[in-house]
Amino acid sequence: MTPFTYFRADDTAGALRTGAGADARYLGGGTNLVDLMREGIERPRTLVDVTAVSTEIEDNADGGLVIGAGVTNTALASDRRVRTRYPLVARAILAGASAQIRNMATVGGNLLQRTRCTYFYDEAAACNKRVPGSGCDAREGFNRIHAILGASSACVATHPSDLCIALAALDAEVTVVGPDGERRIAFADLHLLPGETPERETSVRQGELIVAVHLPAPPVGRSAYRKVRDRASYAFALVSVAAVLDVGEDRVVRDVRLALGGVAHKPWRATRAEAMLRGRFADEAAFAAAAAAELADAAPLRDNGFKIELARRTIAAVLHELAGEAA
Ligand code: SF4
């Protein structure tokens, strides 16, 4: 591991003072960053521990919550307000990792965790994300876990977080603070598609620190998070679906939010499916048609074509379940 200097920040100002340099990184629970440092993929010269910064969950005036970026995943999933008002968030976290990892991992770190593409972690492999311009061995390699939506010729990696899929469905926002002050980022704009620059994964700028996640007032309707993975114990999603469905007494869809994990370089908000479902009678045919429309542009690689049908079926099954509960 490359030698580095360690600072522990007591507050946001202290974190920014030491974390603004180009070779500095903020350290949350370290459940991803430390692994990347051990592998030599990340080589910061300065680590700024921010686990003591922004550690509260607070109610806000519009009926939502403000979640400090230093809140652990365990604290978030066990918070009574989260479990009762945003069960989708608690379920996504519990699906994401073991209790030991959840105890360490922070919300801010969860948002910034990096892909689990095996070629990204293999220094012998070509990887545009690790070494821009070097190529992408995943495209012609073993690509069962890779993206089917929104990928590029430069990178076909998927986003690994479960929590982020729930936050995308809930229209969360993120506050970052940096040398140029504070700004708010809509969750849909936080993570980026790979394009020609897969090394750029988020819109957070160098030196900026994520300090909070804002959840708007809970949406009306029932919600679910379903994760399909290779084994029953913890594994990254092949496909996951975060959904909120509001169906009226006339069985017409009043509102729906859908976000997909395991299929793209970022949490994939299924806006095409949502638009097809609003105002439609909530039945199997409508769910299947919306799911098919969302996957219509999917571009499978050699090993991951199964994800298209898996995503279609998982979307339809989750909506069916939620519509059934609402009946
Ligand atoms: Fe690297 Fe992306 Fe290709 Fe994986 S898919 S090898 S992360 S460029």
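**View 1. Strands β1 and β3 run side by side in the parallel sense.** In this predicted model, β1 and β3 (residues 46–49) pair in parallel over four bridges, where pairing calls for at least two bridges found by DSSP. Helices (H or I, at least four residues) and strands (E, at least two) are DSSP runs, numbered from the N terminus. Look for Y6, which stands opposite L47 in β3. Helix α1 (residues 12–19) packs on the sheet and touches β1, β2 and β3, contact being heavy atoms within 4.5 Å. The direction of α1 makes about 150 degrees with that of β2; axes are lines fitted to C-alpha atoms, for helices over the stretch in contact, and angles run from 0 to 180 degrees between N-to-C directions.

Before moving on, two notes on reading these views. Residues are numbered from 1 along each chain as its sequence is written, and side-chain values use heavy atoms, with hydrogens and water left out. Because the model is predicted, local features need pLDDT of at least 70 and side-chain atom pairs count only at pLDDT 80 or more, while totals for chains, interfaces and linings use all residues.

**View 2. The parallel sheet has three strands.** Its order is β1-β3-β2, and the sheet is open. β1 (5–8) and β2 (24–27) stand at the edges with a single partner strand each, so one side of each has no neighbour in the sheet. On average, neighbouring strands here are turned by 25 degrees against each other, direction ignored.

**View 3. A second open sheet is antiparallel.** Five strands follow the order β4-β5-β8-β6-β7. The edges are taken by β4 (57–59) and β7 (181–186), each with a single partner strand, so one side of each is left without a neighbour in the sheet. Neighbouring strands are turned by 20 degrees against each other on average, direction ignored. β4 pairs with β5 (residues 65–68) in the antiparallel sense over three bridges, and E58 stands opposite V66 in β5. Helix α1 lies across β6 (173–178) and β8 (209–215), running at about 135 degrees to β8.

**View 4. The largest nonpolar core has 39 residues.** A nonpolar core is a set of buried Ala, Val, Leu, Ile, Met, Phe, Trp, Tyr and Cys residues joined through side-chain atoms within 4.5 Å; buried means under 20% relative accessible area, exposed over 50%, and partly exposed in between (1.4 Å probe, protein chains only). The residues with the most contacts inside this core are L76, V89, L111, L167, F187 and L215. Helix α8 (residues 163–169) gives the most to it, with seven residues. Leaving aside neighbours within four places in sequence, V89 is in contact with L76, V82, L163, A166, L167, L170 and L215. Another core, of 33 residues, lies apart, and A224, V256, A286 and F287 are among its members.

**View 5. Two loop residues have a positive phi without being glycine.** S54, in the loop between β3 and β4, has a phi of about 55 degrees. S54 is partly exposed, with a relative accessible area of 24%. D171, in the loop between α8 and β6, has a phi near 55 degrees. D171 also counts as partly exposed, at 39% relative accessibility.

View 6. C117 has 7% relative accessibility, and C127 has 8%. A search of the whole structure finds zero disulfides, a disulfide being a pair of cysteine sulfur atoms within 2.5 Å.
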